[in-house]
Amino acid sequence: RKEYVDLYVNYIFNKSVQKPFEDFMQGFLRGCPARIWKIFFPEELQLILQGHTTFDWRLLEKNVIYGQYKKLDQTIRNFWTVFHELPEEKKRMFLAFLSGSDRITAYKLQCFRFFIEDPEVENPDESHPYASTCRLILFLPR
């Protein structure tokens, strides 16, 4: 019985998927040659593919670049007060709203910067924040 179970498990998990996996691997290596991936340690490769999963939100605040705003403007102070009171999940949702991903790409967290700009609308009370994900800009009405 043990031999039968071993052979059956081997067939299900190895033999039955061998050809589709080889086809997938061949196509994958055509687009992403293995010699490129071999230069990375496993931890580095994971960081490149997944991005950072832990964040220093104060560092993020420190790295923001302001357009038409100053760091001490009331709108900016209110924004950061509310932001830092949010639970971790909501902060990640903000990151996804801003950049299209709830993770920061593989470069160092110290280098991640985004912009907060005033869209300079006629009636800011009738406008809402929006983002340019390509340029990492949060348009925040006054």
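## Domains

Domain bounds here come from an automatic or database domain assignment. On that basis, the protein chain is divided into domain 1 (1-39) and domain 2 (57-139). The C-alpha centres of domain 1 and domain 2 lie 44 Å apart.

Before going further, two notes on reading the model. Residues are numbered from 1 along each chain as its sequence is written, and side-chain values use heavy atoms, with hydrogens and water left out. The model is predicted, so local features need pLDDT of at least 70 and side-chain atom pairs count only at pLDDT 80 or more, while totals for chains, interfaces and linings use all residues.

Let us begin with helix H1, which covers residues 2-31. Helices (H or I, at least four residues) and strands (E, at least two) are DSSP runs, numbered from the N terminus. H1 has 30 residues and spans 42 Å from its first C-alpha to its last, close to the 44 Å expected at 1.5 Å a residue; the expected span is 1.5 Å times one less than the number of residues.

At Gln 18, H1 bends by about 60°, where the bend is the angle between axes fitted to the seven residues ending there and the seven starting there. A proline, Pro 20, follows within four residues.

## A nonpolar patch

Tyr 4 belongs to H1 and counts as exposed because its relative accessibility is 59%. The scale is simple: buried means under 20% relative accessible area, exposed over 50%, and partly exposed in between (1.4 Å probe, protein chains only).

Together with Val 5, Tyr 8, Val 9, Tyr 11, Ile 12 and Phe 13, Tyr 4 makes a nonpolar surface patch of about 760 Å². Patches are made of residues with over 30% relative accessible area and no salt bridge, with like charges joined within 9 Å and nonpolar side chains (Val, Leu, Ile, Met, Phe, Trp, Tyr) within 5 Å. The areas come from the Shrake-Rupley method with a 1.4 Å probe, and for residues only the protein chains shown count as cover.

## Salt bridges

Side chains of opposite charge can pair when their charged atoms come close. A salt bridge is counted when a side-chain nitrogen of Lys or Arg is within 4 Å of a carboxyl oxygen of Asp or Glu, and the whole structure has seven of them. One of these joins Asp 23 to Lys 19, with the closest N and O atoms 2.9 Å apart. These two residues are separated by about one helical turn because they are four residues apart in helix H1. Asp 23 is partly exposed at 39% relative accessibility, and Lys 19 is exposed at 52%.

In helix H4 (residues 57-62), Glu 61 and Arg 58 are three residues apart, so about one helical turn separates them. Their side chains meet in a salt bridge of 3.7 Å, N to O. Glu 61 is buried, at 16% relative accessible area, whereas Arg 58 is exposed, at 55%. There is also a network of salt bridges linking Asp 73, Asp 118 and Arg 142.

## Two residues with positive phi

Most residues other than glycine have a negative phi. Glu 120, in the loop between strand S2 (115-117) and strand S3 (130-132), has a positive phi near 50°. Its relative accessible area of 58% makes Glu 120 exposed.

Leu 136 sits in the loop between S3 and strand S4 (137-139), and its phi is also positive, at about 55°. Leu 136 is buried, with a relative accessible area of 16%.
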